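Student: I would like a close look at a single part of a structure. Please show me the model, and then I will ask about one place in it.

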Amino acid sequence: MAESEIDWEAVLASERFRQLARRRRNTIVVLGVLAALYYFSIPALIAWAPEVFRIRLAAGINLGTAFAVSQYPFGGLIVYVFMRRTAAIDRAAAGLAERTQGGLAVVEEHHAY
Amino acid sequence: MRTSLRAAVMAACCGAPLAAHAVDASGTSAVSHHLITYVVFGLVIASTLLITWFASRSNRTAGDFYTAGGSIGPAKNGLAIAGDYLSAAAFLGASGLIALYGFDGMIYLVGFFAAFIPVLLFIAEPCRNLGRYTIGDVLAARNSFRATKAVSAISAVVVALAYMIPQIVGGAVIVRGLVGIDYNVSVCGVGALMLVYVACGGMKATTWVQVIKAVLLIGTSFVLVVLAWLPFGFHVPAFMDAVVHSPFVQAHVAALPAAQGLQGDALGWRFLEPGLYLNKPLELLSLGLALVLGTAAMPHILMRLFTVKDAKAARQSVMWAMLGIGVCHLSIVVIGFAAAYFVGAPLIASLDKGGNLAAPLLAQALTGGQGSVGGDLMLAFIAAVAFATIVAVVAGLTLAAASSLAHDVYVGAVKSGHATERQQVRAARVATLAVGIVAIAVSILERGQNVAQLVGLGYAVAASANLPALVLTLYWRRTTTQGVVVGIVGGTLAAIVLVLVSPNLTYPAQVRAAALQQVAEIDRQLLAAPADAAQQQRLLTSRAAAQATADAIAPDATSMVGLKAPLVSLRNPGIISIPIGFLLVVLVSLCTRDATARRRWAELVVRRETGYGAISAIEH
């Protein structure tokens with residue numbers, strides 16, 4: 001591992017890096033929890049409140065069918081929010097890279113890993 | 001009835017692509033115009049081989065072979081991920097489950113889509129930033145190089161083989177059912193094609209095969225949706241209302257044990273409610289956990305994240321993959337309901353109890369029906385697409401298993417990371433051949449067996465062994481090499497052992513008891529003196545068959561591992577084995593010290609977040 005050229009500890013300790021890492025962590029944790037709640041509410045509702053999925057909404061459509069299909073647009077929404085947030089974090093990270101470029105020359109690894 | 005239901009439940013709970021019982025047992029084909037079938041199959045296969053030939057000319061380095069030199073664009077890679085992921089389980093299996101069990105089929109399918117959210121959020125970017133070809137690379141970014149490489153390769157190969165064999169068996173069963181080619185010849189055909197794609201074309205050819213397959217599958221599903229909705233003027237509520245009021249659907253639901261006492265439209269509505277098929281919420285939760293957490297650690301999915309130039313492209317790949325998978329899944333939902341309405345459950349279940357032929361039969365019904373040229377052409381086309389689906393998925397898995405063997409075991413653990421480009425490419429090709437031969441041999445030996453539970457085992461091992469090691473290496477400072485090694489080995493063993501003592505295996509004592517119970521039941525009916533001689537004869541025949549089944553089994557016969565009855569009632573071990581995997585990594589890490597892992601933590605976090613020093617394979 002050719003790690004010696006960069007002071008990883010210093011980058012890790014820098015306030016700017018910590019701020020970026022926190023933003024990314026908050027994004028994935030919030031979105032992850034929302035996605036898990038939305039998906040696992042299917043078995044939860046079937047187990048504890050089966051009558052909810054039987055509610056009829058329109059001709060041939062009940063709440064269960066609508067909720068199952070809604071997992072797809074909801075997944076799409078999670079992806080959209082994640083892509084927007086991470087694109088913003090990437091822009092901020094690019095700024096960080098420029099500022100600390102002296103110590104952060106990209107290290108290539110030549111052995112077969 | 002109980003045995004067939006059990007087989008069907010087993011197939012579905014395990015994400016069966018096609019249970020080995022698929023298609024009518026006689027092996028006769030559903031097509032009357034065989035020439036059409038041969039031509040369509042030939043065209044699809046020839047086009048993929050042509051692409052392999054083009055791709056093989058530009059494969060030079062190990063990087064080209066494993067990851068196409070990191071040169072694949074995000075949209076193309078996303079479609080290839082969709083191609084890798086949309087297995088026969090999704091297209092044939094899930095559409096069949098929806099056609100037979102309505103709502104329960106849908107929630108089964110949804111899990112395969114929701115599974116991509118963890119890939120996107122937690123895995124895609126860090127893996128691209130830290131790895132090169134395999135999950136072993138990511139783990140070795142922090143842990144002891146040789147130990148993690150060796151154990152991660154074992155679990156990757158177990159997962160790939162467990163997932164691959166049911167695909168090959170399923171592919172052969174489709175070919176036998178629709179074209180009439182012998183099972184062994186079909187298995188060798190699937191195996192040979194897959195070996196040609198992977199060994200000659202490497203990642204470039206495999207990617208193209210997957211892209212073509214994904215486009216064909218999504219396109220075909222879309223055409224079926226248009227044809228199914230056309231009579232309803234594309235008015236979705238009218239279509240669903242027709243499903244609820246369909247006499248086919250109502251008669252089918254009335255025959256299911258979960259719908260006893262219902263009548264008329266209530267039966268149609270019952271089709272859209274939970275519990276016709278997956279009637280244990282705990283089983284559903286366990287299956288959901290294995291799917292959602294297993295996908296994020298499937299070696300063939302992870303491997304695709306290394307074929308793009310950077311983390312941003314990896315993220316975009318997953319987005320494109322989810323778009324493709326989502327569109328295909330929504331089409332499959334419509335295909336399932338349309339098959340229930342246009343074809344009807346009795347015909348679907350008569351050709352295959354698991355419902356795996358619902359989509360091809362719908363295609364035939366919507367384009368002229370059985371015996372017509374249009375119907376047979378469409379049926380042959382769907383079958384060819386399903387076949388291409390299976391070969392593409394198998395090719396992706398072979399490449400992932402071969403890269404683990406060649407790159408992690410040979411180059412990593414044996415040669416300590418020092419091997420020439422030539423040695424690496426040769427090792428990759430030899431490993432491909434070895435994996436292919438093992439897969440083909442096991443598939444031939446498994447003839448007539450229900451291998452569907454292996455898919456569930458693959459997901460369970462990925463979720464219980466690879467995922468805890470991967471997630472904790474990436475996100476927990478105190479993780480040690482010892483923790484990762486024990487977690488991977490322990491998680492793999494926990495999943496395998498739990499499957500071996502689960503109801504997935506056959507318990508001869510239970511089969512015998514069921515047969516004896518059937519004999520007693522028939523005796524009771526015979527005593528009640530049936531009026532009609534023909535019926536009496538039928539009962540006597542059934543009684544003789546049941547008695548013969550019972551007589552053939554010794555009273556103290558046990559399952560493969562020596563049990564009379566399952567020790568756990570869960571078919572899918574995820575809910576037990578996943579916590580075991582996480583606990584092992586955490587406990588062993590807390591009890592051990594690993595100075596290297598601790599020292600590399602800062603580097604790992606910075607590289608994980610920023611991609612500094614990420615290996616860009618593009619310069620190859």
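Student: Is B:T481 buried or exposed, and why? Please take a close look at that residue, then place it in its chain.

Tutor: Keep in mind that this is a predicted model. Start with the residue itself. B:T481 lies in helix 22 of chain B, which covers residues 481-500. Now count the C-beta atoms around it. B:T481 has 24 other C-beta atoms within 10 Å, so it is buried. The cut-off for that word is 20 or more.

Which residues does B:T481 touch? Set aside residues up to four places away in sequence. B:T481 then touches B:N143, B:S144, B:A147, B:T148, B:D594 and B:A597. Take one of them, B:T148. B:T148 and B:T481 are 333 residues apart along the chain. Their C-alpha atoms are separated by 7.1 Å.

Contrast this with another threonine, B:T367. B:T367 sits in a loop of chain B, between helix 18 (358-366) and helix 19 (373-414). B:T367 has 19 C-beta neighbours inside 10 Å, so it counts as partly exposed. Leave aside its neighbours within four places in sequence. B:T367 is then in contact with B:G374, B:G375 and B:M378. Look also at B:L224. B:T367 and B:L224 are 143 residues apart in sequence, and their C-alpha atoms are 9.6 Å apart in space.

Now step back to the whole chain. Chain B has 27 helices and 0 strands. Its radius of gyration is 25 Å, close to the 25 Å that the globule rule gives for 620 residues, so chain B is as compact as a globular protein of that length. The C-alpha trace of chain B spans about 85 × 55 × 45 Å along its principal axes. Of its 620 residues, 61% count as buried. B:T481 is one of the buried residues. Next, take contacts in chain B between residues at least 6 apart in sequence. Of these, 84% join residues at least 24 apart.

How do helices meet in this chain? Two packed helices are described by the angle between their axes and the distance between the axes. Take helix 4 (residues 74-85) and helix 10 (residues 183-229) of chain B. Their axes come within 7 Å and cross at roughly 75°. That makes helix 4 of chain B roughly perpendicular to helix 10 of chain B. Helix 4 of chain B brings B:K76, B:L79, B:A80, B:A82, B:G83 and B:D84 to the contact. Helix 10 of chain B brings B:T207, B:Q210, B:V211, B:K213, B:A214 and B:V215. The residues of this contact divide into 6 nonpolar, 3 polar and 3 charged.

Chain B also has a partner. In all, 48 residues of chain B are in contact with 50 residues of chain A. Several helices of chain B each supply at least two residues to that side, including helix 6 (103-114), helix 7 (116-130) and helix 27 (601-610). Helix 16 of chain B gives the most, with 8 residues. The side of chain B that touches chain A has 32 nonpolar, 8 polar and 8 charged residues.

Finish with chain A. It has 3 helices and 2 strands. Read along the sequence, they follow the pattern α-α-β-β-α. Of the 113 residues of chain A, 21% count as buried. Among contacts in chain A between residues at least 6 apart in sequence, 62% join residues at least 24 apart.

Terms used: Residues numbered from 1 in each chain as written. Chains lettered and ligands numbered in written order. Predicted model: local features only at pLDDT ≥ 70, side-chain atom pairs only at ≥ 80, totals over all residues. Helix = DSSP H or I, 4+ residues; strand = E, 2+ residues; numbered from the N terminus. Buried ≥ 20, exposed ≤ 12 C-beta atoms within 10 Å, placed from the backbone. Contact = placed C-beta atoms within 7 Å. Rg over C-alpha atoms; globule rule 2.2 N^0.38 Å. Nonpolar A, V, L, I, M, F, W, Y, C, P; charged D, E, K, R; others polar. Axes fitted to C-alpha atoms, helices over the stretch in contact; angles between N-to-C directions. Parallel < 35°, antiparallel > 145°, perpendicular 65-115°, else oblique.
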